[in-house]
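Subject: Structure for you to look through

Dear colleague,

Please keep it open while you go through them.

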Amino acid sequence: MTQIEKAASGLSTEELLEVAKNEGVDAETVRRRVAAGKIIIAGGAAGGNGNGGAKGKRNVVGIGKGLRTKINASIGTSTSISDVKMEVEKAVTAQRYGADTLMDLSVGGDIRGVRKAVMDAISLPIGTVPLYEAFAIAIEKYGAAVNMPSELLFEIMEQQCAEGVGFMAIHCGINRRTVDMLRKQHYRYGGLVSKGGSYMVAWMEKNNKENPLYEHFDRVASILKKYDTILSLGNGFRAGAIHDSTDRVQIQELLINCELAETGREMGCQTMVEGPGHIPINEIEANIILQKKMSGEAPFYMLGPITTDVAPGYDHITAAIGAALSSSYGADFICYVTPSEHLGLPFPEDVREGVIAARVAAHVGDMVKLKKTDADKAMSKARRNMDWKTQIAMAIDSERAAEIKTKRGDPDEHSCTMCGKFCANDILKGVFEKDMEGSDKK
Ligand code: SF4
């Protein structure tokens, strides 16, 4: 039985209890939300959706209503750069700096070998896009992605589930009607930017057939359910340009994905829905309201979102702005973006920047969504008291905080080099001592 089926039958699994404990949420509330498809659980012991990989157990991660916003780091080879060692280093970097999950989106070289090496190196739940491997095999074996036999898609899905992949982005929401809509709206400024989406549309056009993942959705959900692998309903029609955001095609795919989330849930398959993409900040809330209402509050996985098109080199920042707002409006899961987005394959240092930026954004959102402000209060007190040890320990990136503090002067210095003898804290030291008595500020 899957987590959703066990929860619906009144059972609280070991993983469910771990989620409740980690998040400080009552276990019965978590159970009810898992049963209703509002919370999904990735990872766990061998035999569940965390089977295989490091120590036979993957970290347990709860995603959804009332839980801390989680972040995903994506790595993976391309056909231009395929270096297994570097991908492992990127995976280890992502785990070290606090990613909750990792997606291996490899499309070049030995895709299966990279996945195995990554899974052996880290304990985060692993996500994939099985279409990538299927299309890569089709190019090699049949000369072109459009020559792929549709059966290959299902075979790859099953194979990856059996390897212990915890969640899969699958482009079930693309169908021929939506492709017609894309034509009718005169395509897009930014075109299609999803690799899986573009390949699937090209395949449908060439073969004059419906998307098999849409047409045979029951089969997709049944395969994933067998392994309790989470189905992430991919957004092949996400906007890749600010001027394309929230267009008919994007919303049509969202509508289909929300319907499929309900079907998947009814079949006992853990399911989430993916969101944009590129989107201006004034449209983020509407997208989240639509997804939550239409899907029965299925967990929402936002890719970034990127909030302007004009800052290549800084897209970890454009995405962090979108992620903070998304999280505050109710998004549950954020895919990081690195500084190399739109420019090239990320290197390990880009992964670190992306993970930290996404963690900052998720925290900022959770301060609103979950009223989680205790850490900020504790940090403020440590700053006022110039307790550097606590400040550094509490920092989202303690290494970076310690490095800057040390580089700018004596690490044991009482104040810091920002104001030196003009330290505001020192100037008022003792002046308000009595006023703080009896308050929680002391
Ligand atoms: S020197 Fe300035 S920045 Fe540094 S602790 Fe004092 S008030 Fe803060």
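Predicted model: local features only at pLDDT ≥ 70, side-chain atom pairs only at ≥ 80, totals over all residues.

Residues are numbered from 1 along each chain as its sequence is written.

Helix 7 (residues 150-163) and helix 11 (residues 217-227) pack at an angle of about 15°, and their axes are 9 Å apart. Helices here are DSSP runs of H or I with at least four residues, and strands are runs of E with at least two, numbered from the N terminus; axes are lines fitted to C-alpha atoms, for helices over the stretch in contact, and angles run from 0 to 180 degrees between N-to-C directions. The two helices, helix 7 and helix 11, are therefore roughly parallel to each other (angles under 35 degrees count as such). On the helix 7 side, the contact is made by Phe154, Met157, Glu158, Cys161 and Ala162, and on the helix 11 side by Arg219, Val220, Ile223, Leu224, Lys226 and Tyr227, where contact means C-beta atoms, placed from the backbone, within 7 Å.

Ala45 is found in strand 1 (residues 39-45). Ala45 counts as partly exposed because 16 other C-beta atoms lie within 10 Å (20 or more would be buried, 12 or fewer exposed, with C-beta atoms placed from the backbone). The C-alpha atoms of Ala45 and Ala73, which are 28 residues apart along the chain, are separated by 22 Å.

Best wishes

Note on methods: Parallel < 35°, antiparallel > 145°, perpendicular 65-115°, else oblique. Contact = placed C-beta atoms within 7 Å.
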